[in-house]
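Visitor: Could you take me on a close look at a single part of this model? I would like to see how that part sits among its surroundings.

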Amino acid sequence: MMRYLTFRPARLIGTLALIAAMILPALSLDPGFPRTVGALASPVLGLPFTPSTSLVIGQVYGGGGNTGAIYKNDFIEVFNRGATTINMTNWSVQYTNSGGNSWNVTTISGSIAPGQYFLVKEAAGVACGVPCGVDLPAPDATGTANLATSGGKVALLNNNTALTCGLTRGSCASDPDILDLIGYGGASDYEGATPAPAGSNTLSDMRKVAGCTDTDNNGADFTAVAPNPRNSSTPYNLCVGPTSTPTTVATSTPTAVASATSTSVVTATSTSPANTDTPTFVAPTSTATSTPTAAAPTGTPTITPTPGASATGIYIYMLYADGLTAGSVQPDEAVRLINTADTLAAVGSWQIGNQDGGSITLPLTTTIGPGQKIWIANSATSFRSFFGFKPDFEYGTDSDPSVPQASASAGFTFADNGGAVQLLDAASANQDTLVYGSGSVSTPGWSGPALRYYIPAGQPGFTQDGQIFYRKLDEITGKPVPDTNTKDDWAQD
């Protein structure tokens, strides 16, 4: 967090600058040294500090349970935008109203990995007699704070001692235990030049670039959008790409378009505008110093069949091909991937291809944590209307700015009556295949008859619409059964 403090006696500027130049470098060598300087920082001192490289408040929602609310409960989201795992034992998130200094404390504990979210469930309104809205995803911590929508202050601290600051602008700047602060709406204290916008029953304050932006100006760092609560099980969103990514991407395909710019945006196969609020589009800084960043492959990828189990542990987990909406390209159709490995998997620039040569391309720094699953849907809003929650990515029209955008070939669709779906890594090697319905059983990576929709005999009203193909699970481990690249791996056989 950047602290902006002001002082008037101009003759003290040189003296204070000299003191800061002598002692700040030494203090900053201490890994436990906070981003504020405590004794040196005060509401009348003007020393700017470096924006956070680690934990920040990622999202604040105060409309929980109110009339027309999206969710039953208020929530606060913590995000690790840094490169190291942080232990948060006996830390806290704290809330007070827009002009107050009496803070409600919610103690949090546990570790948060790079790119990981942490969801704190707070109080619920009862405007409907019972809380309006739907349940939050499983929270990582629970508190009792009743957040206002019109204005308030939320702080992240490295202890759980209640704050007493906040009555006036800059009054919290001198507290060395505050790791991040957001003041929104009519808040009396906030970071930077302006507060974050006010929320509502249908809008949360969300940190831009899925949590990665931090300029220490609340007004510039946050935007009011539809709430999207993310917990520790949400796919990781690394603000700095894995070191393995440059090598993987550079060897993708001879037809890829190279770019020497480390901040280039992957749009080679996209037919919809790139979502600049999505960190997964931004190439890792290390790319420019190693090899050119290759854009996503164009056209039909050259497939290298990989018999048996995926070399990476990443599989197609579910397919929702024939949705409940009309039309050949259905906005609610979706596919789900799973990481069965015990390590974080970098799947940036991976493609999900169909039998017609079209493909979806995942953003460059996309990762899937151990055991995690991600949904990729055509339209986030249509998907949510049927499933009750948002997908992790959408590849059609950008229907929800809070959902990261994947790119896709023009008119991409999963054919209703049958087709082939292939999962290709960044080097275009086939990692998994599913053939269903009337799809071609000669598709590389598949063996035997195609998977069929479940249509019971003598039930003319029973159709394939809305059916989901999903992998069979082991009754003991709960994980997918060993992959044989046949219909026997799936539940709809």
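Visitor: In which loop is Asp-216 found?

Guide: Happy to show you around! This is a predicted model, in which local features need pLDDT of at least 70, side-chain atom pairs count only at pLDDT 80 or more, and totals for chains, interfaces and linings use all residues. Residues are numbered from 1 along each chain as its sequence is written, and side-chain values use heavy atoms, leaving out hydrogens and water.

Asp-216 belongs to the loop between S11 and H2; strand S11 covers 204-207, and helix H2 covers 218-221. Helices (H or I, at least four residues) and strands (E, at least two) are DSSP runs, numbered from the N terminus. Although Asp-216 is not a glycine, its phi is positive, about 60°. Asp-216 counts as buried because its relative accessible area is 0%; the cut-offs are under 20% for buried, over 50% for exposed and in between for partly exposed, with a 1.4 Å probe and protein chains only.

Ala-210 lies in the loop between S11 and H2 as well. Its phi, near 55°, is again a positive value in a residue other than glycine. At 7% relative accessibility, Ala-210 is therefore buried too.

Ile-455 has 44% relative accessibility, so it counts as partly exposed.

S11 and strand S1 (55-61) each supply at least two residues to the lining of the largest cavity. A cavity is a set of points on a 1 Å grid over the protein atoms alone where a 1.4 Å probe fits but cannot get out, and lining residues have an atom within 4 Å of a point. The structure holds one cavity of 30 Å³ or more, and the largest cavity contains about 40 Å³ of space, a volume being the space filled by probe spheres set on the points.

Who lines the largest cavity? Val-60, Tyr-61 and Gly-62 do, along with Ala-148, Thr-149 and Tyr-184, and also Gly-199, Leu-203, Ser-204 and Asp-205. By class, that lining has five nonpolar, four polar and one charged residues. Here Ala, Val, Leu, Ile, Met, Phe, Trp, Tyr, Cys and Pro count as nonpolar, Asp, Glu, Lys and Arg as charged, and the others, Gly among them, as polar.

Terms used. 1 Å grid on protein atoms, 1.4 Å probe; cavity = no way out; pocket = protein on both sides within 12 Å on 5 of 7 lines; lining within 4 Å.
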